[in-house]
Amino acid sequence: MKTYFRLLSFARPINRYAIPYIICTIFSVIFSTLNLALVAPLLTTLFDENTQQVISPMPSSYFDVFAVFKHYTSYTKVMYGPMATLKFVCVTIVISVLLSNIFRYFADRIMESLRIHTLLNLRKSVFDSVMDMHLGYFSNERKGDILSKVASDVQVVQYSVTGTLQVLFKEPVTIIAYLVFLFIISYKLTLASMLIIPIAGFLISKIVRKLKEQAMASHVAYGMMISYLDEALHGIKIIKAFNAVKFITNRFHRQNVHYSKIIRSMSKKQQMASPVSETLGVIMVAGIVLFGGSLVLEHKGDMDAASFIAYIALFSQVMRPAKAISASFSGIHSGIAAGERVLEMIDMKCQINDAPDATALTEFKEAIRFENVTFAYEQKEVLRNISFTVPKGKTIALVGPSGGGKSTLMDLVPRFIDVKSGNILIDGKDIRSVTMESLRTLMGIVNQESILFNDSIFNNIAFGNLNATAEEVEAAARIANAHEFILNTTDGYATNIGDKGSKLSGGQRQRICIARAVLANPPIMLLDEATSALDTESEKMVQEALNNLMKNRTSLVIAHRLSTIQNADQIIVLDNGQIAEQGTHQELLNANGIYRKLIEMQTFSSNETVPSEVIG
Ligand SMILES: Nc1ncnc2c1ncn2[C@@H]1O[C@H](COP(=O)(O)OP(=O)(O)OP(=O)(O)O)[C@@H](O)[C@H]1O
């Protein structure tokens with residue numbers, strides 16, 4: 001129930017919707033109930049021989065609708081005859097149905113707005129929360145699960161939780177209105193018939209509890225299935241190349257079957273809710289006919305035959321809202337389970353936050369300094385006592401064997417992850433004491449894999465910079481050696497580059513990413529050179545673009561190209577989480593250590609042969 005109300009809190013300000021909704025619903029229910037309530041006086045007046053020439057007295061209060069209507073029908077009958085009475089009754093019924101439907105229409109419209117408003121807020125909160133999470137979260141979670149929570153779980157909440165809102169607001173009002181009329185007709189019979197309600201409630205709540213457990217399992221299974229789908233689509237090339245289609249297909253199908261099994265078992269129970277309430281309803285009506293009929297036959301009760309018929313007509317209507325409540329609550333388990341998953345995501349806490357007294361870092365003047373930096377993923381220590389300085393305007397190349405910790409070290413600078421001990425200082429200021437936004441504004445990041453979006457070339461370069469002009473974007477593209485090839489695409493800068501830039505070549509993608517960094521023009525560049533080999537022409541273009549990018553900037557580069565390494569002011573060799581060697585290219589060659597071995601093994605970009613004079 002707590003989850004339910006928490007989900008409803010996303011409907012705030014609920015008063016704006018709830019008050020007009022309740023007013024419209026009350027009117028709609030009153031007019032629709034009135035129709036049925038009018039059956040009794042109608043029957044009595046039309047067919048009761050004794051009252052043919054007597055006008056029933058006008059009651060003292062207009063709230064006694066039966067008596068009021070009885071008065072008017074008998075009056076019409078005496079004055080104008082039975083046919084006119086029939087017309088009068090029919091017109092009254094049509095007007096009351098019309099009014100009831102007008103109010104129902106407005107009530108439904110208000111409820112729909114509330115539903116859309118709630119989902120808007122829920123989706124917004126969950127997306128904001130995901131985007132605010134630290135990067136580590138994304139490596140631990142399955143992407144498909146996140147996708148399914150944001151997309152499908154929110155949708156499930158829409159159908160079940162907000163769907164019950166309508167029922168919750170409307171049906172109790174309807175039931176109360178019917179019960180009031182039923183009490184007016186016969187309180188004895190109504191009290192007796194209400195005895196069965198707790199029994200029905202108990203049976204239905206038992207089914208609902210079981211369903212909720214299964215619903216949770218079904219959402220998890222669905223998330224997993226989306227994960228497999230996501231991986232399959234993402235890796236389709238590799239899957240085909242490795243002839244792994246069968247393996248991947250089987251994995252997806254197994255999950256699909258597992259998911260379907262849960263859904264089937266759930267729907268079996270779900271389907272039971274309706275027959276159970278239907279049967280209970282019929283038993284109730286039969287009991288009432290028996291009990292109420294005996295009261296009428298023996299003249300013991302407070303009603304005559306006409307009222308009894310009206311009573312049965314009204315009572316059969318009570319079952320409809322009661323059934324609506326039980327049906328919607330048998331579906332709510334799924335919404336609550338989905339809601340719990342969504343709320344869990346909204347409640348997640350980002351582990352990397354700005355300090356409460358964080359200040360903005362507006363410029364970079366001197367140096368980035370690592371002081372005894374140690375970092376561990378969970379228990380696994382991957383960087384130990386790292387200390388070095390990147391002076392302003394210099395290029396520092398990080399090299400070393402795979403798994404040495406280069407990418408991890410790089411991720412520490414924009415605070416994608418935080419040091420376990422030690423400090424990283426920019427101009428003497430600990431990066432944890434400044435706001436992340438200002439810190440990241442000072443940095444440009446170019447990754448190994450070119451991260452591009454399914455959008456135009458222009459928007460990919462201007463990414464995040466809404467004020468960029470066409471001239472600025474073009475200038476950045478020229479520096480990144482991209483302008484020429486962009487002009488050769490079908491729509492120039494307006495060309496859509498496809499999913500993840502799939503319509504471009506590898507080298508073109510890299511140059512677009514470089515243009516993006518050039519346009520942002522940050523003083524510090526964090527560069528992870530692509531290892532993937534490009535053809536010589538493309539390689540030259542990219543290399544030139546990178547050189548342009550690093551010019552007049554401070555750069556920390558995970559270097560895979562020999563030329564980048566040779567041009568660097570300092571080379572840091574990271575091995576097994578520690579700085580193994582540090583110096584210029586020549587110094588390190590002379591030292592005859594790991595660096596020399598790496599060069600000799602030619603582990604750098606395959607387009608570059610290591611000339612003998614380099615090794616010396
Ligand atoms: N998210 C993570 N969770 C746990 N361990 C990780 C994570 N990312 C990296 N590691 C581990 O940390 C170590 C350093 O990895 P890192 O990616 O920093 O190395 P690298 O020098 O950049 O390697 P490469 O040159 O192959 O990219 C590796 O042993 C790796 O297994």
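How many helices and strands are there in the protein chain? Colour the chain by secondary structure: there are 23 helices and ten strands, where helices (H or I, at least four residues) and strands (E, at least two) are DSSP runs numbered from the N terminus. This is a predicted model, in which local features need pLDDT of at least 70 and side-chain atom pairs count only at pLDDT 80 or more, while totals for chains, interfaces and linings use all residues. Residues are numbered from 1 along each chain as its sequence is written, and side-chain values use heavy atoms, with hydrogens and water left out.

**Whole chain**

Show the surface. The protein chain exposes about 31,700 Å², and carbon and sulfur atoms supply 60% of that area; accessible areas come from the Shrake-Rupley method with a 1.4 Å probe, and for residues only the protein chains shown count as cover. Of the 616 residues, 47% are buried. Buried means under 20% relative accessible area, exposed over 50%, and partly exposed in between (1.4 Å probe, protein chains only). Taking contacts (heavy atoms within 4.5 Å) between residues at least 6 apart in sequence, 76% join residues at least 24 apart.

**The ligand**

The selection holds Ser139, Tyr377, Lys380, Val382, Ser402, Gly403, Gly404, Gly405, Lys406, Ser407 and Thr408. By class, this shell has two nonpolar, seven polar and two charged residues. Here Ala, Val, Leu, Ile, Met, Phe, Trp, Tyr, Cys and Pro count as nonpolar, Asp, Glu, Lys and Arg as charged, and the others, Gly among them, as polar.

On its own the ligand has 640 Å² of accessible area, of which the protein covers 62%. Strand 2 (380–391) and helix 13 (406–412) are the elements that give two or more residues to the shell; helix 13 supplies the largest share, three residues.

**Two positive phi angles**

Most residues other than glycine have a negative phi. Select Asn372, in strand 1 (residues 367–377), where phi is positive, near 45°. Asn372 is partly exposed, at 46% relative accessibility. Then go to Asp427, in the loop between strand 4 (421–426) and strand 5 (429–430). Asp427 has a positive phi of about 50° and is partly exposed, with a relative accessible area of 22%.

**The largest nonpolar core**

A nonpolar core is a set of buried Ala, Val, Leu, Ile, Met, Phe, Trp, Tyr and Cys residues joined through side-chain atoms within 4.5 Å. The largest one has 44 residues, and Ile461, Ile486, Ile514, Leu549, Ile571 and Tyr595 have the most contacts inside it. Helix 18 (residues 506–520) gives this core its largest share, seven residues. Centre on Leu549: leaving out residues up to four places away in sequence, Leu549 touches Val446, Ile514, Ala517, Val518, Met525 and Leu527.

**Last stop: Ile332**

Move to helix 12 (residues 305–346), where Ile332 is placed. Is Ile332 buried or exposed? Ile332 counts as buried, at 7% relative accessibility. Beyond its neighbours within four places in sequence, Ile332 is in contact with Tyr4, Ser160 and Thr164.

Methods:
A residue is near a molecule or strand if one of its heavy atoms lies within 4 Å of it.
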